[in-house]
Amino acid sequence: MANQKKYALVLSGGGFKGAFQVGALQYLLENGIRHNDGTVITNPKFDFIAGVSVGALNGSFMAMDDFEGLKKLWNDVETKGAREIYTSELVEIQGSKIKAKFDNILKKILPESTLSLAFKFIFKKQQLLDSIGERFNQIKSIADSQPLRNTLLQQIKRNKFKIPFKMGFASLVDGKYHSPQPKDFDSDEELAKAILASATLPMVFPYIDTVTFRENGGFITAKNLTDGGIRNISPLQDAISFIKEDVSDAIDWHIIIINCSADEEKIDNSNPNVVGYAFRVSNDIMTSEVLENDYKIFLLINSLVEQAAMKDMTLIGSDDLPLIKFKYKVIRPDDPNEIGNDTGDTLDSRPAVLNLRKFKGSEIAKRVMEKENDRNWS
């Protein structure tokens, strides 16, 4: 009798590149999951989902078995613009170009008349500088994620979750990474805030002040929360931990990893300003580098476990439990040049770019799933 097949879905971060995941997921749901022996699991249902950043946003809808709701969210962004996710008084993002709204920035840090400023500059210069510095420090982000918060508060309900799901976020207070499940929250609002925290791009959106949830048998309140991607770009460890608690000889676990970024991201260099470079570093270069390291470590451990098994040896992990060789598929852009020069970066939400990302997600998912004799799959 064949073992019961179970599927874990791992969704990485990547801002508006998350449209790639939507295209890949649509292919899997419409065409099924193919195995090496030619069998296809039609209308597949995932048994566990882990996501960080936009992966937590996409994953939450998948865990509620609401792919139509997820498609509507992304279609609304395409037709109505990025204001469905955020608004900003300080910058205007046009494709991959970030343009500062200097008049509004000056109003934030110099909310006084020209005459008053001139007087203070002459007679009270230090007081003026201190005042400017204080007002500048009050700017927590360049955009406001209230539109996304409103959507999550309307759509996210604990009783709608049908699949075990973990969303990852990190605290700016102590650097700790948390990945609770919907059942760990006592209210829909706290759960929605946690998903928003995971999807909070550093510097772009304001951090979430507090989220209260169960952890290690009791309630905790984590503070100053932001994108879990600053610690775990791809929440593979969350999936591995969940699977190890459920593993048995009668269960055959498979992991499908959908990453939004290629291993070497192509960074737009045509907008050489301080703000633009700051976002490139924090949201594109950092994402690509951390994701690649995370992915390589997973592959290395998997390979070592396989080699040990060939010699009738068992490797033990830091938790004193045997390490497992996982069956997996990775759906990701193979080459940043493959998907063209117009795919943009993390914050690019142009309709044509989002459509291209979804198309490529579906196309690459098809190629990965139809690969024959995949030694990492069965």
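Helices (H or I, at least four residues) and strands (E, at least two) are DSSP runs, numbered from the N terminus.

Before going on, a word about the model. It is a predicted one, where local features need pLDDT of at least 70 and side-chain atom pairs count only at pLDDT 80 or more, while totals for chains, interfaces and linings use all residues. Residues are numbered from 1 along each chain as its sequence is written, and side-chain values use heavy atoms, with hydrogens and water left out.

## The whole chain

The protein chain has 11 helices and 12 strands. Of its 378 residues, 49% are buried; buried means under 20% relative accessible area, exposed over 50%, and partly exposed in between (1.4 Å probe, protein chains only). The chain's accessible surface is about 18500 Å², and carbon and sulfur atoms hold 52% of that. Such areas come from the Shrake-Rupley method with a 1.4 Å probe, and for residues only the protein chains shown count as cover.

Contact means heavy atoms within 4.5 Å. Among the contacts in the protein chain with a separation of 6 or more, 75% are between residues 24 or more positions apart.

## How some helices pack

Two packed helices are described by the angle between their axes and the distance between the axes. Axes are lines fitted to C-alpha atoms, for helices over the stretch in contact, and angles run from 0 to 180 degrees between N-to-C directions.

Let us start with helix H1 (residues 19–31) and helix H2 (residues 54–63), whose axes come within 11 Å and cross at roughly 30°. H1 is therefore roughly parallel to H2; angles under 35 degrees count as roughly parallel, over 145 as roughly antiparallel, 65 to 115 as roughly perpendicular and the rest as oblique. The contact brings together Gln-21, Val-22, Leu-25 and Leu-29 of H1 with Val-54, Gly-55, Asn-58 and Met-62 of H2. By class, these residues are 5 nonpolar, 3 polar and no charged. Here Ala, Val, Leu, Ile, Met, Phe, Trp, Tyr, Cys and Pro count as nonpolar, Asp, Glu, Lys and Arg as charged, and the others, Gly among them, as polar. The crossing of H1 and H2 is right-handed. A crossing is left-handed if the near helix is turned anticlockwise from the far one by less than a right angle, and right-handed if clockwise.

H1 also packs with helix H3 (residues 67–80), at an angle of about 145° and with the axes 11 Å apart. This crossing is left-handed. On the H1 side we find Ala-19, Val-22, Leu-25, Gln-26 and Leu-29, which meet Phe-67, Leu-70, Lys-71 and Trp-74 in H3. The contact of H1 with H3 has 7 nonpolar, 1 polar and 1 charged residues.

H3 in turn meets helix H11 (residues 351–369), where the axes come within 8 Å and cross at roughly 150°. H3 and H11 are therefore roughly antiparallel. Trp-74, Asn-75, Val-77 and Glu-78 of H3 touch Pro-351, Leu-354, Asn-355 and Lys-358 of H11. That contact has 4 nonpolar, 2 polar and 2 charged residues.

## Residues that meet across the sequence

| Pair | Apart along the chain | C-alpha separation |
|---|---|---|
| Ile-41 and Asn-31 | 10 residues | 8.6 Å |
| Asp-144 and Arg-83 | 61 residues | 9.6 Å |
| Met-369 and Asn-36 | 333 residues | 9.4 Å |

Ile-41 belongs to strand S3 (residues 40–41) and is partly exposed at 30% relative accessibility. Setting aside residues up to four places away in sequence, Ile-41 touches Tyr-7, Gly-32, Ile-33 and His-35.

With residues up to four places away in sequence left out, Asp-144 touches Ile-85, Tyr-86, Thr-87 and Pro-206.

Met-369 lies in helix H11 and is buried, at 2% relative accessibility. Apart from neighbours within four places in sequence, Met-369 is in contact with Tyr-27, Leu-28, Ile-33, Arg-34, Ile-256 and Lys-329.

## Two asparagines with positive phi

Asn-216 is not a glycine, yet has a positive phi of about 55°. Asn-216 is in the loop between strand S9 (208–215) and strand S10 (218–227), and is exposed with a relative accessible area of 79%.

Asn-224, also not a glycine, has a positive phi of about 50°. Asn-224 lies in strand S10 and is partly exposed, with a relative accessible area of 25%.
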